[in-house]
Amino acid sequence: MYNKRMISIAFTGGGTGGHIYPGLAVAAELRKQLPCSDYKLFWIGSSSGIDRSLVEGANIEFFGVPSGKLRRYFSLRTIIDFFKVIAGFFAARKILKKQNAKILFSKGGFVSVPPCAAAASLGLTIFTHESDYSPGLATKINARFVSGSGGIFTAYEDTAKFFSSKARDYITVTGNPVRSVFFNADPSKGRAFLKTSNEARILLVLGGSQGAAEINELVRAALDDLTKIYTVVHQTGPNQKWDIPESEKYKPFPYINEEMPHVMAAAELVMGRSGAGIWEWAVLGKPMLLIPLRGAGTRGDQVENAHYFENAKAAKVLLTPSAGELVSEVKSFADDENKRKEAANASKKLGGINSADFIAKILAEEISDILDN
């Protein structure tokens, strides 16, 4: 039996860490701000992939639903995925009703569309957040379900121009939610985890939560030169085959989990893709070398994100890097303290808003209104 005053708040989103970690950051802040125990948080995500382990690791109840990829082109998989989306809608609707949900917060990704549609059919208040410079197809669809006291949150101010004039009335620019541990990261803990001295200069290389073959091969080709400048800490990806052993100047990890904020805090320079994770780098004020995911099969969102950070002077973007070009750019940062300071200051400025706290306050106000009524 549910308490008559009990409020259930649903979260949805998934497929990658970039769609899950920001949502978890909002959930954590919301737990701090709710002044009562008359609420419950739960998450609707993909029944396959990394969603369940990340969400349950944050002590949030998880419900998996079928999910089909949203494509802008036709393939035989489109037919199969269409039926998965329909199944996901009915599964999500059943979960939302059973859990007595009143509010749904979406962090995007293709798995979020059926829960948002289901929430709209039940009259729930819907909020959605877009991490990229231009909104993905999922967010464009989810935005149509926002009405009344709901809202659309964006990381970038310019993102509003990609929405309809009606949707713009619901947009609030918030930056991208980042887990609170990044605001309190301790570089000494990062060095202890890495077993490096206080004098070691660290280049942190990331390819996203799953790794990136392109970045891994660049590191392989340039490693001898990179380790003459930095201790290279390299997250290779849990599913990427890697055969270069650890040494004093090279430290590969399939995945860095709880220690990542502290490792990042210890780094002098961060290199990697330009998904939602770059906002974590910005919170810590890190100069960035960005190699965005691009080309066939992408919509160019990471290229747009990367150029935004470059135009803000927080990053250098490499679109077609060779090993030689990579080494040259790394050396350029390493040899020029003023260049690093300028990029670090610009990065810190971009990451200065505690977006998770900002969004959680808006959700908490909506919950208070529901309880009062």
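1. Tyr308 is partly exposed, with a relative accessible area of 26%, whereas Phe309 is buried at 0%; buried means under 20% relative accessible area, exposed over 50%, and partly exposed in between, with a 1.4 Å probe and protein chains only. This is a predicted model, in which local features need pLDDT of at least 70 and side-chain atom pairs count only at pLDDT 80 or more, while totals for chains, interfaces and linings use all residues. Residues are numbered from 1 along each chain as its sequence is written, and side-chain values use heavy atoms, with hydrogens and water left out.

2. The ring centres of Tyr308 and Phe309 are 6.2 Å apart and their planes stand at 65°, so the pair is edge-to-face. Rings of Phe, Tyr and Trp (its six-membered ring) pair if their centres lie within 6.5 Å, with planes under 30 degrees apart counted as stacked, over 60 as edge-to-face and the rest as tilted. Ring pairs join Tyr308 and Phe309 in a cluster with Tyr133, Tyr156, Phe162 and Trp279.

3. Phe309 also belongs to the largest nonpolar core, of 35 residues, where Leu204, Met264, Leu290 and Phe309 touch the most other members. Such a core is a set of buried Ala, Val, Leu, Ile, Met, Phe, Trp, Tyr and Cys residues joined through side-chain atoms within 4.5 Å. Apart from this core lies another, of 29 residues, including Tyr39 and Phe127.

4. Leu290, leaving aside neighbours within four places in sequence, is in contact (heavy atoms within 4.5 Å) with residues including Trp281, Ala306, Phe309 and Val317.
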